[in-house]
Each structure stands twice: as structure tokens, then as C-alpha cells.
Amino acid sequence: MKILSIETSCEHASVALLLDGETVERTLEGHSNHSERLLPTLKTLLAEAGVALGSLDAVAFGAGPGAFTGLRLACGVAQGLAMGADLGVAPICSLEALALQGRGDSIYVATDARMGEVYSAACRLSHGLPVMLAPPTCCPPEMLALPAEGRWTGIGSAFAVYGDRIPQEVLDRLGPQQQDAVPRAADVARLAVRLVEGGALVAAEVAAPLYVRDKVALTTAERLARGGRA
Amino acid sequence: MRVLGIESSCDETGVAVFDVEAGLLGHCVHSQIDLHATYGGVVPELASRDHIRRLPALVRQVLAESGCSLAQIDAIAYTAGPGLAGALLVGASYAEALGMSLGVPVLPVHHLEGHLLSPLLSADPPEFPFVALLVSGGHTQLMQVTGVGEYVLLGESLDDAAGEAFDKTAKLIGLGYPGGPQLARLAERGHPGRFRLPRPMLKSGDLDFSFSGLKTAVLNVVSGPEWKPEDAADLAADFQDAAVDVLCAKALKALELTGLSRLVVAGGVGANRQLRQRLDVATRRKGWRVYYPEPELCTDNGAMIAFAGARRLAAGEVPGMACAVKVHPRWPLAALRAPGAA
């Protein structure tokens, strides 16, 4: 199994190559030039491993949720590589990838969605890999809620940023949180394995970012209703 | 040599295949006008989202219509700027990755160079040198063009672009988005002369433009006590008259000052019928000639990008193989160099 993966959903970007269970990962330092370093780093990664793009089983990318521009960078690059080399694409939820770093088998992922909101998802391990109990959501930290049962491991940037706004009953059931963890390309590649094995890869033209936050502007009618101008 | 062209700088996704010997093999534009209409203008984030949703499928469609496979593509050209950063990044990410994966050169192209060279794609193309009037929703510029990549800025708008003034004026008199073309249609039913609108910078002595004062004058009319909505057609006619007066006068003056006899008009406003009539009449009188792109290539499209890329590659430009996804939301056209020049 050979999978190339890209994860640029936050300022700590990385790329990875999975070769028969082993992963090699490279981080892209510096927030401003992810986009300039991304393809050259992928090229070097492939060259060092002696792997041709065409021999890959899939191109995987962290689909989000996360920074919109970063999601499109990863998606656009995955689309381009996949179309040129005739490969399938594995869009992987970045929160699920982050959950792979969580300790325990009940993991609650919450990342900073900016604009005073949080992306979150509750995951349970199944055959050693996290599975989301429901699609990720975007909400103010005050609205975060854990599934009914048990203790959970908290992971993600939201805990450091919004610790004072997350409900106490959530924090009480979480225990210590892994606040510094970020989604990693190596984990994106690991999660892509099950899509390859399950025949669930998608064509480049179907691969899309997972924005979760879908309301990004007000229509003219909505602005007028709020007393604004057309 | 076959070049795949990709355009995603604003609210139109364009893809084309241009063959240096056979010409344009195919092209298609997906317009986002309907998407942005309910917002009253282009929402950059929504534009980016639509580009990435459409682009790969559009590439497949255009390749199929061109009877061309990806393996037959020799180079990729994409719009690297100027434009909306997020929208540009979609085209750049996809194009650079596709190029790396196919092992073909990838060329970042200046959006306005695409517009400026687009009349060369028509059945009766102009020869160099010429004066180019670039008029769109984002730009109003006069350039002296002596060859591919040889552009001298003669003058430009100091505030709103001409197309922007058309759109904003349309909004002021209650037309939908994008109002420019609607305003022009309304103007044809109106009678100019009722409203005294300024001709900003008509006598400034240089080749610069200003359109925001004209828009303000319209605002004063429609917010005045005597304004009646049934006068909209007449006001539209007066606005169009004023804008066309200035565009024509400056374009003619540019020909006079440069001593050139060919004028190229490109960009969305270049489709304006009154502008074309006025320029045609005025230049014929002097023995000059105006060249326009084919009507379908007036707005943003991938064909002009594929063509500009092909011309540069044919002229010896060596594209870097850096695979850097890098866009230039602000990028002066005069900063370009001729292919092969240091």
C-alpha cells in the first residue's frame, strides 16, 4: 500500500508518504509560505523513497474542518496530482486524523474555528482507528456537549483558546487535554488506508473540502432585514 | 504544442485547450453570476468554493470536447494574478499539481496579459504594435503594446474601474447584479441630455481616468427631490454617454500621442455596444482601426490564458520547474517582461 498525504488545515502543515504501513512525514514550517513549499516537499519525499506518483494507491488530504484557504490548497493539489497520475482521492476529516493522536478509546476533538467558534467531533476507536459518532459541527464553545456516557479524552487547539468558555460539565468529564496536538499528514495517510481497502476513493472532481461552516456571507435580503444597506 | 489554460481570478471558472498550429481546440466558462446575485456582489469565499467544486470537472469536459487527452497536453498556463487571492489559489494549486504530475511545464500568466492578447485569437487579428484599452469590472488601463510582454502603462483609473462604475450606477438606479450590462440595455431605451453628468478628467491632459465622481453625480440625482424611477432609462443613457465619452477621448488621445494606428479593446466593458460604435466611427475618420476579441472572449475565460501562455512558450520563455503555488493578487502589468528578456 502506497499513499501520499497532505494536511494543511492549520498553520502547522505537513505531508507524508505511507509505504506498507510505515510513514515518512515532513512538516512545512512557516505559515505564510505553505503553498510555495508544498509541492517541492512532496516531490522530494517521493524522490527520496524512490516512488513514482503513478504507482501510488491514493492521494489523501486533510479535508477539514480548518482554515478554508488551507483546505482548498490541499484539495486543489490532491485533485491535480490525482488527475495527472490517474489516482483516486481519499478526503479525510482533519478532526478524525487528530483523534488518532488521542489517548484512550473515547476521544473528543475540538479545534479553534476562529470567529469565537469551535469545530468539534466525538470519536470512538474501532479496530484501533477513530470513527466519528456524528458529522463534525461548528458552534460557540458554550454549546459544546459530550455524548451521554463515560469519560473522554479531549484533544485540539480549542481547549487552550476557549478553556474559559467551555461548559464545566464538559471539562469535568474530559480529564487532562492534549491542547497542543495538531492534525498530521501521517495520520491522514493512515486513515486513508481503510478507504483504499474499502474501495471508497473518490474521483478528483468529486473530492471537496469539508468546510462545516457554510454560512459565510449575508444575502442582500438578510442585510436589509438587519437594517443594513443593499 | 498544446497548452491547457486555467482561469479562476474572480467569479468565472475558465478552461481551454490551445494548439499552436491548430488554434483553439475547445474552451468553456462557468459563470458564478447566479451564485453571487443574491449577495449583491462577488463574495470572495463563495467564489473560491465554487472554483474548486467546478475546476477538475470542467477540465475533463473541455479535454473531451477538444478531442484531447491529458497525455497530449504539453504545458499548463494558469492565471496567477491579479485577482482575488483565494480564487487565484484554487487555480494555482490545481495547475501546479497537475503539471508536476504530468511532468509538463507550468506557466503563471498575468490575467490582463490574457485580456490584452485575446484579440489576437480572432479571425482578423491585429499586428503589433498597438494601443490597448483594457476595460473591465476590475481594471481601466491604456497600454502601449509592442510585443508579448512589452507593455508600457499610458494611463489608468485613479479610483473605480469603468465596469465597476457601470455596476455601482446600476445598483443606484435599482437594477440587479451584475448591473453593468443591464444598465447598457436600459440606456438604449433612454434619451441622453436630461441630466448633466460630469466627464471626469476629460481635460486632464493625461491619459488617466476617474469614475467615482460620475457615480456620485448619479447618486445625487437619484437621491434628489425631483427623481422619478421612470426616468431611469434617461439617466442610464446619460451615464453611459459620460463614461463612453471619457473612454473614447482618452483612447484616441493615446493613439495620437503614441503615433500608433491600431487600438485593441479588451475586457468585459469592451462588449458595450455604444463604446464600440463610437470608437469605430472616430477611428475610421482618422484612418485608424479598432480590434476586439470575439464576443465570447470579452469576459474572463481560459482561452486567453492558454493563448498567452502558448505565445510566451513559443517565444522562448523557459518556465521554472519550482512547482511553487504562488499567486499575485496585486500585480502591475507593466512589471512583466518579454519572453527570454532578463
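The domain assignment, whose bounds come from an automatic or database source, divides chain B into domain 1 (2–116 + 298–335) and domain 2 (128–292). This is a predicted model, in which local features need pLDDT of at least 70 and side-chain atom pairs count only at pLDDT 80 or more, while totals for chains, interfaces and linings use all residues. Residues are numbered from 1 along each chain as its sequence is written, chains are lettered from A in the order in which they are written, and side-chain values use heavy atoms, with hydrogens and water left out.

Within chain B, the C-alpha centres of domain 1 and domain 2 lie 27 Å apart, and 17 residues of domain 1 are in contact with 22 residues of domain 2, contact meaning heavy atoms within 4.5 Å. The area buried between these two domains of chain B is about 1,600 Å², of which carbon and sulfur atoms give 72%; buried area here is the accessible area (1.4 Å probe) that two parts lose on being put together, summed over both. On the side of domain 1 of chain B, B:L112, B:L116 and B:C298 supply 37% of the area buried against domain 2, more than any other three residues.

Between domain 1 and domain 2 of chain B there are zero salt bridges, a salt bridge being a side-chain nitrogen of Lys or Arg within 4 Å of a carboxyl oxygen of Asp or Glu. Three residue pairs, both at pLDDT 80 or more, are in polar contact across this domain interface of chain B (a pair of N or O atoms within 3.5 Å; within protein, one must be able to donate a hydrogen and the other to accept it, and residues adjacent in sequence count only if both atoms are side-chain atoms).

The contact between the chains takes 32 residues from chain B and 33 residues from chain A, and the area buried between chain B and chain A is about 2,800 Å², with 65% given by carbon and sulfur atoms. In chain B, the residues that lose the most area to chain A are B:R49, B:I52 and B:M100, together 24% of what that side buries.

Across the interface of chain B and chain A, 12 residue pairs, both at pLDDT 80 or more, are in polar contact.
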